[in-house]
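Visitor: Can you walk me through this model? Keep it short, please.
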Amino acid sequence: MRECDPRIVLGLHRSRYERRILTSALDHGVDAIDTSFNYHGFSAHTALAAAGRDFLSRFRLTTKVGFFPAAGQAEHSLDPDRLQEAVEQSNRDLGRAPDLVFLHNPERSLTSSSTAAQDRLGAACAAMERATTKGLCGGWGISSWDPRPLPGLVDGTLPRPDAVMVRAGLLAGIDVLEAAEALTARWGLKPSQLWGMSPFGGSATDPLWGKLDPRVFIQDPHDGLSVVQATFRVAYSLPQVGRITVGTDNPSHLGELVDALRYEANTEQLGTYRRLLREQRDRQSL
């Protein structure tokens, strides 16, 4: 069994909730899991508990609340009472308190930068802070697929999260990268408190990754490093994050990603890449 590396979190979004992938994660030194109240048809927590209840305590466990079951679909809400009820149910279904609970995609219920939107976000953050104080979770954070609306709503009156999770990697887009950095700056968070997700933009097997070679963003020497490994390693710098949540059902793939952390990103090349992205955006806005 490898020494645990806190930079990788096993994401259980599309992944199957099988004991095999959980035990292999521990074998590869991955002792953190991320899931959500609404994944797996709102049964993710019970499925996870059933797959690994006898050793679930060996993992640092994060989950998310914000989506709720509705007639034939899921609906989003920042209602403080519903958020607390979801955290309480998460405790019951998991058989333990999560180490961290993210407020899931709050931008879905924030359609403007108005004072009312700021008040809704503030009330939701306060509910997450109360859940932490009550011992329902070890801490709380914000998980945002599109953080662009959020920096303008954050000031010193809002509770401060323990972590923020955003999209990361070569496909995240310059506006998302800059919004993520602005959001963490507004809250005064350290780089280690910023998490990344979706480093492959949805799938590591997308044909796109056969047409790009992200190894140009890795410091030499990088002999033997695959395109998938380079894509994953670069994601830690776009934006600068302390850990990345990544999903897989393949233990060997997880091992490849762990091995990728032995390499270092080329910050000069990535700086040039970001400058080109900004210039392209500016040209398109003319």
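Guide: We'll go through a helix contact, some aromatic rings and a few backbone details.

Guide: This is a predicted model, where local features need pLDDT of at least 70, side-chain atom pairs count only at pLDDT 80 or more, and totals for chains, interfaces and linings use all residues. Residues are numbered from 1 along each chain as its sequence is written, and side-chain values use heavy atoms, leaving out hydrogens and water.

Visitor: At what angle do H3 and H4 pack?
Guide: About 25°, with axes 8 Å apart. H3 covers residues 44–52 and H4 covers residues 80–94. Helices here are DSSP runs (H or I, at least four residues), strands are E runs of at least two, and both are numbered from the N terminus. Axes are lines fitted to C-alpha atoms, for helices over the stretch in contact, and angles run from 0 to 180 degrees between N-to-C directions.

Visitor: Which residues make the contact?
Guide: His45, Thr46, Leu48 and Ala49 from H3 meet Ser90, Asp93 and Leu94 from H4. Contact means heavy atoms within 4.5 Å.

Visitor: New topic. How many aromatic pairs are there?
Guide: Seven. Rings of Phe, Tyr and Trp (its six-membered ring) pair if their centres lie within 6.5 Å; planes under 30 degrees apart count as stacked, over 60 as edge-to-face and the rest as tilted.

Visitor: Why is the pair of Phe37 and Phe42 called edge-to-face?
Guide: Their planes sit at 80°, so the pair is edge-to-face, and the ring centres are 5.9 Å apart. Phe37 and Phe42 also form one aromatic cluster with Phe68.

Visitor: Is Phe37 buried or exposed?
Guide: Phe37 is buried, with a relative accessible area of 8%. Phe42 is partly exposed, at 25%. Buried means under 20% relative accessible area, exposed over 50%, and partly exposed in between (1.4 Å probe, protein chains only).

Visitor: What about Phe102 and Trp195?
Guide: Another edge-to-face pair, with centres 5.3 Å apart and planes at 75°. Phe102 is in strand S6 (residues 100–104) and Trp195 in strand S9 (residues 194–197), so the pair ties together parts 93 residues apart in sequence. Phe102 is buried at 0% relative accessibility. Trp195 is buried at 6%.

Visitor: Now the backbone. Which peptide bond is cis?
Guide: The one from Leu238 to Pro239, with omega near -5°. Pro239 lies in the loop between helix H7 (227–235) and strand S10 (243–246).

Visitor: What is the phi of His40?
Guide: Positive, about 60°, although His40 is not a glycine. His40 is in helix H2 (residues 39–42).
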